[in-house]
Amino acid sequence: MSRLDAVRDAAAHGGVTRYSSSGEVRLDCPFCAGRVGSGDRKRSLSANASKSVWHCHRCSAGGRGDLSFLGAAPASVQVKVVETLIRPPFFTALRSVRGSILSKPYEQFLAHRGLPVPVLDAAGVGFCDDGPVSGRVVVPILDGTDWQGFSARTIYAARPKYTYPPGMHRSELLYNVFALDRATDEPVYVVEGVLDALHLWPDAVALLGSASAWQVARLRACSRPLVVVLDGDAWRSGWELALRLSVPGRLAAALRLGPRVDPDEVPAAQLREAARDALAQEAARWT
């Protein structure tokens, strides 16, 4: 059975839930059982007949093909567009206005955090100078070029430091999830926030909060070594998560930072060296 046939079969037997005015629907993913070890019952697969694409937000399976079998949304259906699929109002990519008066405070904030321009451009980082997330650096959470949500970090002393769009299910997302599928023996760094992930780009994924069952399952399906690097005050949670991520054939370790120290406050080279040492110690335990 082809992957497209599997999507067709899932739609036929499990039905679909329409949630977008563009014709996008949700259905149970037929690939999750093989990719993350358990079947999907939360309608994690998005399929768009007009764009002929589909993608699972749980196991990251995706593809293209004729999805006309999904049909068109009935006119009687009241459809609500999910806000997490669009960029925030007044979003401006830094690379498009770099050096301008408008972008200067945001560039200064990111430079103070030690984030290189090439990394910011690769990640599509921008800002909003107006609207509901005004005064914040905005880091898109992408599926290819499509927005799945965003993390907006204030550059001022406002609270909360981070905001997310309404309706974004952080427990079913990993920032920079594509790092898990890169063919390399270099470790993946599991961090909490997007700026920490940018600090260790392109080898870090961000939990966007506490680790969920979905995130743990997705991380355990990764073949690369995993190193958990949480804030210094959360080191116990880091060790617990590393234990949960330990599976036969793949190493997982955790780094303990100093009190109130964030990962992006430690030089990336130092973190990478400490990660290699921690993984070597784990490997020695199993030999």
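**View 1. Lining of the second largest cavity.** Val228, Leu230, Asp231, Gly232, Ala234, Trp235, Gly238, Ala254, Leu255, Arg256 and Leu257 line the second largest cavity of this predicted model. A cavity is a set of points, on a 1 Å grid over the protein atoms alone, where a 1.4 Å probe fits but cannot get out; lining residues have an atom within 4 Å of a point. The space inside is about 30 Å³, a volume being the space filled by probe spheres set on the points. Seven lining residues are nonpolar, two polar and two charged. Here Ala, Val, Leu, Ile, Met, Phe, Trp, Tyr, Cys and Pro count as nonpolar, Asp, Glu, Lys and Arg as charged, and the others, Gly among them, as polar.

**View 2. The largest cavity.** This cavity holds about 110 Å³ of space. Among its 13 lining residues, His55, Gln148, Leu173, Leu174 and Val177 are the closest to the centre. Strand S8 (136–143) gives the largest share of the lining, three residues; strands (E, at least two residues) are DSSP runs, numbered from the N terminus.

**View 3. The stretch 74–85.** The pLDDT, the predictor's confidence in each residue from 0 to 100, is below 50 over residues 74–85. Where pLDDT is low, the predicted coordinates should not be read in detail. The protein chain averages 87.

**Notes.** Residues are numbered from 1 along each chain as its sequence is written, and side-chain values use heavy atoms, with hydrogens and water left out. In this predicted model local features need pLDDT of at least 70 and side-chain atom pairs count only at pLDDT 80 or more, while totals for chains, interfaces and linings use all residues.

Terms used
Contact = heavy atoms within 4.5 Å. 1 Å grid on protein atoms, 1.4 Å probe; cavity = no way out; pocket = protein on both sides within 12 Å on 5 of 7 lines; lining within 4 Å. Helix = DSSP H or I, 4+ residues; strand = E, 2+ residues; numbered from the N terminus.
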